[in-house]
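Have a look at the structure first, then read on.

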Amino acid sequence: LIERTSRKVIFTHAGDELAGKARSILLEVKGLKDMAKSFQAPMAGPLHLGLIPTVAPYLLPKIVPHIRTEFSDMELFLYEEQTHVLLQRLEEGELDCLVLAYLPEMERFGAIDLFDEPLLLAMPSSHHWHDKQKLELSDLSGEQVLMLEDGHCLRDQAMGYCFTAGAKEDTSFKATSLETLRHMVAAGMGITLLPQLAIPEADEHSGICYRRFSEPQPSRRISLLYRNNSVRRPCFNQLAKVISQYVVLN
């Protein structure tokens with residue numbers, strides 16, 4: 001079933017098949033336990049929630065206090081990972097649900113839409129667009145835009161809007177986080193798109209000014225994902241209701 005070397009242990013083909021079957025059995029057992037718990041108290045017990053890095057640090061402070069207040073019997077465990085890792089962990093039963101930007105390839109999961117989040121332009125305060133109150137997406141034509149590194153779903157969404165507008169990616173630098181992007185913009189290294197939850201309340205802050213686009217605004221849909229066969233759907237419905245209630249976007 002396994003091959004051992006002095007440095008590692010790997011599965012043989014037979015071992016891989018056996019491990020896959022074992023994972024399926026363990027997932028079914030977890031489903032039976034969850035079913036029993038959900039009948040007794042849908043909003044009680046442990047809940048393992050995964051979030052993407054471009055959502056977690058901005059959304060969690062808004063919702064966690066309310067979740068703890070309204071669902072005092074829930075034991076909340078939080079995990080921050082990139083989209084592909086979260087989807088795998090959800091599929092394998094390690095996580096109960098996810099909050100992330102919805103993409104077409106997620107159709108195999110159940111989804112509850114939470115809110116649509118606009119993307120705003122972040123630019124240095126000295127930028128020549130500083131006096132504009134709103135921008136057209138077409139204004140980006142010919143511009144170079146700073147982007148996140150591969151693996152972030154926001155990168156693909158932002159690039160889609162930018163390429164449609166005729167903008168190009170600045171390939172001299174790829175950021176590992178939104179905060180790195182923000183610091184690069186503040187240093188005058190370029191412009192970028194940031195989701196609204198990551199934007200300060202002031203239109204101008206720390207050497208950066210933020211501007212909305214005219215309608216239709218570029219945006220991303222934030223959804224709660226779960227396994228289609230999960231018996232905890234009532235819990236997810238209540239959780240989604242609280243999140244939507246306490247996230248107000250203009």
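Picture a 1 Å grid laid over the protein atoms alone: a cavity is a set of points where a 1.4 Å probe fits but cannot get out, while a pocket is an open set with protein on both sides within 12 Å along at least five of seven lines; lining residues have an atom within 4 Å of a point. With that in hand, the largest cavity is lined by Leu146, Met147, Leu148, Leu154, Arg155, Ala158, Leu181, Thr192 and Leu193.

A word on ground rules. This is a predicted model, where local features need pLDDT of at least 70 and side-chain atom pairs count only at pLDDT 80 or more, though totals for chains, interfaces and linings use all residues. Residues are numbered from 1 along each chain as its sequence is written, and side-chain values use heavy atoms, with hydrogens and water left out.

Volume here is the space filled by probe spheres set on the grid points, which are joined across faces, edges and corners. Strand β8 (144–148), helix α4 (153–165) and strand β10 (192–195) each give at least two residues to the lining of the largest cavity; helices (H or I, at least four residues) and strands (E, at least two) are DSSP runs, numbered from the N terminus.

Here is how the two linings look side by side. Ala, Val, Leu, Ile, Met, Phe, Trp, Tyr, Cys and Pro count as nonpolar, Asp, Glu, Lys and Arg as charged, and the others, Gly among them, as polar.

| Space | Volume | Lining residues by kind |
|---|---|---|
| Largest cavity | about 50 Å³ | 7 nonpolar, 1 polar, 1 charged |
| Largest pocket | about 430 Å³ | 10 nonpolar, 3 polar, 5 charged |

Of the 18 residues lining the largest pocket, Gln196, Ile199, Pro200, Glu201 and Arg212 are the closest to its centre. The largest share of this lining, 3 residues, comes from β12, and both α2 and β12 (208–213) supply at least two residues.

Strand β12 also has loops worth a look. Ser206 sits in the loop between β11 (204–205) and β12, and its phi is near 55°, a positive value in a residue other than glycine. In the loop between β12 and β13 (219–226) you'll find Pro216, joined to Glu215 by a cis peptide bond with omega of about -5°.

And α2? Helix α2 (residues 56–70) packs against helix α6 (residues 233–246) at an angle of about 130°, their axes 9 Å apart. Axes are lines fitted to C-alpha atoms, for helices over the stretch in contact, and angles run from 0 to 180 degrees between N-to-C directions.
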